[in-house]
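Trainee: I would like to learn how to read a structure feature by feature. Please take me through this one.

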Amino acid sequence: MIKPSPLGSLSADHPCLWGDIALTPAASLVIERKARLLPTRRTGRADPWWTTRKQGGLDAEGRTIEALNDLRGYRPIYQLPAELPSQPLKGGKQRGLVLYGGTVFEHFGHLLLDLSRLYQLLPLFRKSREPIWFHYPSLGEGESITHPLVNDWFECLGIIKRVRVVRRTLQCEHLISSEVLYRDRRFVSTDFPLAARRALAPKLRRKLLSLQAESPRIAYLSRHQLSSGTTYFEGEQEVVEALKKISNIDIICPEQLTIESKLSLYRRYQLIAGFAQAALLLKYFAPFRKQSELAEQVLFVAGPQSLNSNWVNLDNAFGFGDKVVDCSLTQNLAEYPESKAFQRHNRFNTGLVIDTMRELAGR
């Protein structure tokens, strides 16, 4: 049986990995006077999706504030056109202080990680009554925020009543934001861990800190009931059926839980395992006094692009020392059936996952 390997030591050429591995210095605050935040607007392009809209911020001279642009890998997302009016834009709503938290994406993983600007601001403005402004590209004109995961996360952060969406140009006497502390498949900054641990509302942090591990139980976070997503792992139902027979393993489907309940798993269990998925990112926001209070995490991966470099970068930044198990098969993935509901369809060594879980449960 293959033993779990340290996640942070995974090499950049690992066949399952995609993206860059990098830990960068602490991010800087963005402070601009006489700046403008431009709302999300359609560009008229139908494809690719990241060019269908545009949004961003301009400084007092009408130049794009690059630190407020969104990227995934090296791909710009919803960026303003290169050619902008030579004169500063006029009109819009005048505001004194504007706190800008970044872009809201409804995919759970991006919702958690792409709001790193917000997490940098929260400790500084936790007691402020000032609203916090966001771009929300998928929100239609005049629509309110109804997405359950988005509202649930803002509740956990304690800012649900302060959330505002940039719907028209905001003229900002003082604009305060931050460079990103995380870039998808690129890097994590050294100050992301502290910002993430301080992001939850104080009341929720205290509640979670009161929880203790239910020794010696461990949790397996299953994806077998998902109907869509990034990667479909064929054979996970077989794994679930085998693990049900092990008395101290709990099978958990994260999509059935609230975010608070997902967070509590890291206080209640000694170990959490599962294929790489967004729910496992919540460990980076779970409060602790000592790292040993949080569940150890074991990630299963299988096939090309089944583990993006975010996991390695986050583990290097946080120093949790979590583990990874490569349970790839040697068959040609091109022969596997495709599913329109998932971006990728991977098979894996089911026996290896089952044997690993049995050993973890018996340790």
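This is a predicted model: local features need pLDDT of at least 70, side-chain atom pairs count only at pLDDT 80 or more; totals for chains, interfaces and linings use all residues.

Trainee: How many residues of strand β5 are buried?

Mentor: Five of the six residues in β5 (residues 53-58) are buried, so the rest of the structure largely encloses this strand.

Trainee: What should I know about side chains in a strand before I look at a sheet?

Mentor: In a regular strand, side chains alternate between the two faces of the sheet. Here, an open sheet of six strands runs in the order β1-β20-β18-β17-β14-β16, and its pairing is mixed. Its edge strands are β1 (5-6) and β16 (249-252), each of which pairs on one side only.

Trainee: In which sense do β14 and β16 pair?

Mentor: Strand β14 (residues 218-221) pairs with β16 in the parallel sense, over four bridges. L221 has I252 in β16 as its bridge partner.

Trainee: D250 is in strand β16. Is D250 buried or exposed?

Mentor: D250 counts as buried because its relative accessibility is 19%, and the cut-off for buried is under 20%.

Trainee: Now helices. How do I read the direction of their residues?

Mentor: An α-helix has 3.6 residues a turn, so residues three or four places apart point the same way. Take helix α2 (residues 116-125). Eight of the ten residues of α2 are buried, so this helix is largely enclosed by the rest of the structure. The buried ones are S116, R117, L118, Y119, Q120, L121, L122 and F125.

Trainee: R117 is a charged residue by class. What is its relative accessibility?

Mentor: The value for R117 is 0%, so R117 counts as buried. Not counting residues up to four places away in sequence, R117 touches A67, L68, N69, D70, Y100, G101, G102, T103, S177, S178, E179 and V180.

Trainee: Which residues of α7 are buried?

Mentor: Helix α7 (residues 259-268) is mostly covered, with seven of its ten residues buried. They are I259, K262, L263, S264, L265, Y266 and R267.

Trainee: Where do nonpolar side chains tend to go?

Mentor: In soluble globular proteins, nonpolar side chains tend to be buried together. The largest nonpolar core here has 70 residues, and L118, Y119, W153, F154, F192, F285 and L307 have the most contacts inside it. Another core lies apart from it, with 24 residues, among them I246, A273, V298 and A361.

Trainee: What is W153 in contact with?

Mentor: Leaving aside neighbours within four places in sequence, W153 is in contact with L111, L112, L115, Y119, L200, I259, L282 and F285.

Trainee: Where does S28 lie?

Mentor: S28 is in the loop between β3 (23-24) and β4. Its relative accessibility is 38%, so S28 counts as partly exposed. S28 touches S178 and E179, with residues up to four places away in sequence not counted. From C-alpha to C-alpha, S28 and V98 are 17 Å apart in space, while in sequence they are 70 residues apart.

Trainee: How is empty space found?

Mentor: Rolling a probe the size of a water molecule over the atoms shows where empty space is left. In this model there are three cavities of 30 Å³ or more. The largest cavity holds about 80 Å³ of space.

Trainee: Which residues line the largest cavity?

Mentor: The lining consists of D70, L71, R72, F105, L113, D114, S116, V180, Y182, R183 and D184. The elements giving two or more residues to this lining are β6 (70-72) and β12 (182-183), and β6 gives the most, with three. By class, the lining has five nonpolar, one polar and five charged residues.

Trainee: How many residues line the second largest pocket?

Mentor: That pocket is lined by 15 residues, with T40, R41, L139, G140 and E141 nearest its centre. About 330 Å³ of space lies in the second largest pocket. Strand β4 (residues 29-42) gives the most to its lining, with four residues. The lining of this pocket divides into six nonpolar, four polar and five charged residues.

Conventions
Residues are numbered from 1 along each chain as its sequence is written. Side-chain values use heavy atoms; hydrogens and water are left out. On a 1 Å grid over the protein atoms alone, a cavity is a set of points where a 1.4 Å probe fits but cannot get out, and a pocket is an open set with protein on both sides within 12 Å along at least five of seven lines; lining residues have an atom within 4 Å of a point. Grid points are joined across faces, edges and corners, and a volume is the space filled by probe spheres set on the points. Buried means under 20% relative accessible area, exposed over 50%, partly exposed in between (1.4 Å probe, protein chains only). Two strands pair if DSSP finds at least two bridges between them. A nonpolar core is a set of buried Ala, Val, Leu, Ile, Met, Phe, Trp, Tyr and Cys residues joined through side-chain atoms within 4.5 Å. Contact means heavy atoms within 4.5 Å.
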